[in-house]
Amino acid sequence: MNVQPILKMEGISKRFPGVQALHDVHLEVLPGEIHGLLGENGAGKSTLMKILSGVYRKDSGRVLLRDQEIEVNNPHHAQTLGITIIHQELNLMPNLTVAENVFIGREPNRFSFVQWRKLHEQTRQLTDRLGIHLPPTTPVRNLSVAERQMVEIARALSVKSQIIIMDEPTSALTENEVEHLFDIMRDLKAQGLGVIFISHRMDEVFQICDRITVLRDGEFVGTVQASESSADEVIRMMVGRPVAEFFGQGESHPGDVVLEVRNLSKTGTSEDPQKRVLSQISFRLRRGEIVGLAGLVGSGRTDLARCIFGVDPRDEGEIYVNGSPAAIHSPRDAIRAGMGMVPEDRKLQALFLAMSVQANTSMASLGDVAQWGFISGGRERQVVGSYVEKLNIRLANLDQRALDLSGGNQQKVVISRWLALKPQILIMDEPTRGIDVGAKAEVHALMRQLAQEGVAILMISSELPEVLAMSDRILVMHEGDLVGELTREEATPERVGAMMTGEESSLSVGKYEEA
Amino acid sequence: MEQSAKLPILRREGRIRGLLSNQAFSLFLILILMWLVLGLLSPYFFTVNNVLQITLQAAVMALIAAGETFVIISGGIDLSVGSIFAFSAMVAGVATRDGLGLGGAIIFGLGAGALLGLINGIGVARLGLPAFIVTLGMMSVARGLALLLNNGVPIFGLIEGFKILGQERIGGIVPVPTIIVLIVYIGCWFILRYTPFGRFTYAIGSNSEAARLSGVRISRNLIGIYVLCGALTALASLIESSRLNSFQPASGVGYELDAIGAVVIGGTSLFGGEGSILASLVGALIIATIRNGLNILGISAFWQNVATGAIIVLAVYLDRLRRNRQGV
């Protein structure tokens, strides 16, 4: 090979107290290459990237940037070397404008006074280069996740990065946004930059990456050409055993209607009080079925889930549980009516990171483990322990903090919190977002098992393959309307996709009528 | 492997390691160390009497710190405790003066503290205002009310029995306030560890949105927390009134800082969600020890402020180092 790599990491090792996080790991990125970095949670991807971006110091090994050995001392140093990392949790200041964020700390200035016109002009040049339209003066808080990513990429370009690390950039994007991001990544590639792409989504990895490096348990497993490999092979490399990416479709026998939503409407968000968020949504959920709720981000999927669970107030509409009206005005009401909800964002909406796995798991069911108003420690451990076992949650002991678990195990803790309540209805918003393939398969198997036990599951997912594989029935939302309902047999990616984008509708949108 | 990995999960952490990583215990070792050093510097220091004296001096601060610990764990802060302290004292004083007797004085005093705590709680929980703002307002309001109650004049003259609260010693040795502090702390420890209310206190401070989505009644619990803090502050104020033989409208100035200092030395995070009530007790004892020790060594009272402040910052810095090592 006569192309000189931009980046070479050789024999990298890193030890944390009690764990060998990385052992003799290699990574090589060529100019104009999109390089996939894969591995289950805890495999060492983040540690490797943190070493590259100067957050951690390596114990041994060499990092070569264009054949020059470098020692990355801190994140700022990494930036001056041309290494930029775009985190999953974006690092922008929401109250500053696009331009201010792009050039933060490096604003063009004369005698220490910011030259605003120049700042905005240069920002516009960068966004033009990315082919996006973002007014430089827009505050970042008004931007979508996808647009914020673009701001981060613009910032990376502005510091003349050679290597851009993207840590799960697509996990919060819609399909269209992902396509757009990939176009931009191809542009970066054409400009000769090296991109390191971390993702859990196999289809995307194979769509965009030239080569793929796989880590497992802190060890280097191998680097393969994407064109000569397959998802199966890569998954085998990641987990050391073959895993079905999606748990096969099980037999389900939908029973009686447990949840019925009639004419649920909501208008107004914090940004726009006039916006029609949900209009006249009506549907039913039966015992033992998994219903997939598909739609683009912003179509009202999550809003619907939140209104049903009493998190957000609804303007009108009734909710019936087991045929009788349920007065749901708070999550507590919903829980008492027999519901549980695994929210969209684990860390922000579900986990108590500094608290123990035990406390996290029992949070919603403390009443059941309390006697005379006191928590019975032994009983609590027993109940929690049984779910840890049932869900195969991997941890050292129940006192371990939620913070220290991998994403997949954290998600299982959140799920077991609801299982401890034995709910009839479980709403799961993005149940497998950001968790590795092994854990994903386990969550899917668990959902299937719960359905067989009679739980009705309403699942929201941005991953169309997941919706298609898991759902007995699919509801599709578009701009606040329920536009389609498809059985498993009717559902094809094309039809669901067409409905999501509003090109097709199988339902007459209108007021609910008594059947 | 899967099989053997399951059972040990139910076991608790190893005793020794658990003890050493226990914030209250490691802080207690530091306190013992301070006592040893002071004992070497002054022969008087290490007498039973003086150690009990320290617990007596720490009692008022410790009681307020207990309530403040709940508030801080829940992610809030209570700046009004010093003023609630004075207001409760004056209400108890008025009750005494107007012949409501010992029971009346105690009930009205504690009730006054709980009532102002209730108002704080409503402001934070129902109106959704930052605790800093609500209690900053209350700090001024309660001070004003305390002064209004008797036109800014202290009420002298304790009724029979009131002295027991602050001046009596059980068996002639152990001060009553020390006993009260012990009982209160055991109770608070139990509440935080073994009741849903205690668990929710941590949960609200750790992630209030997640707590709400888990069905926790946030505002009810928050109001309870501020009421508890107000009531414990009132209890502290009754003890001090008893010791001073009077009810002072100007009392309690700066006590919020002592209490917050004790909590913070105890390692409770001002961001909420983490903290240990027993560590707050040790924190209060550490502050009292510094003051007592400097007194005995004949160092000016002015230096005590300097030392207390420095110790608070140092303690938090050491705690930060300890946490970083544990990878928090």
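**Close-ups of the chain A–chain B model**

**View 1. The contact between the chains.** In this predicted model, 33 residues of chain B are in contact with 41 residues of chain A (contact: heavy atoms within 4.5 Å). Together the two chains bury about 2,900 Å², with 58% of that on carbon and sulfur atoms (buried area: accessible area, 1.4 Å probe, lost by two parts on being put together, summed over both). Residues are numbered from 1 along each chain as its sequence is written, and chains are lettered from A in the order in which they are written. Local features need pLDDT of at least 70, and side-chain atom pairs count only at pLDDT 80 or more, while totals for chains, interfaces and linings use all residues; side-chain values use heavy atoms, leaving out hydrogens and water.

**View 2. A salt bridge across the interface.** The rule finds two salt bridges here (a Lys or Arg side-chain nitrogen within 4 Å of an Asp or Glu carboxyl oxygen). One of them joins B:R199 to A:E380, with the closest N and O atoms 2.7 Å apart.

**View 3. A ring pair inside chain A.** A:F182 and A:F197 sit edge-to-face, 6.0 Å centre to centre and 85° between the planes (rings pair with centres within 6.5 Å; planes under 30 degrees apart are stacked, over 60 edge-to-face, the rest tilted). A:F182 is buried at 0% relative accessible area, and A:F197 is buried at 0% too (buried: under 20%; exposed: over 50%; partly exposed: in between; 1.4 Å probe, protein chains only).

**View 4. A ring pair inside chain B.** B:F70 and B:F197 are stacked, 6.2 Å centre to centre with 25° between the planes. B:F70 is buried at 0%, whereas B:F197 is partly exposed at 24%.
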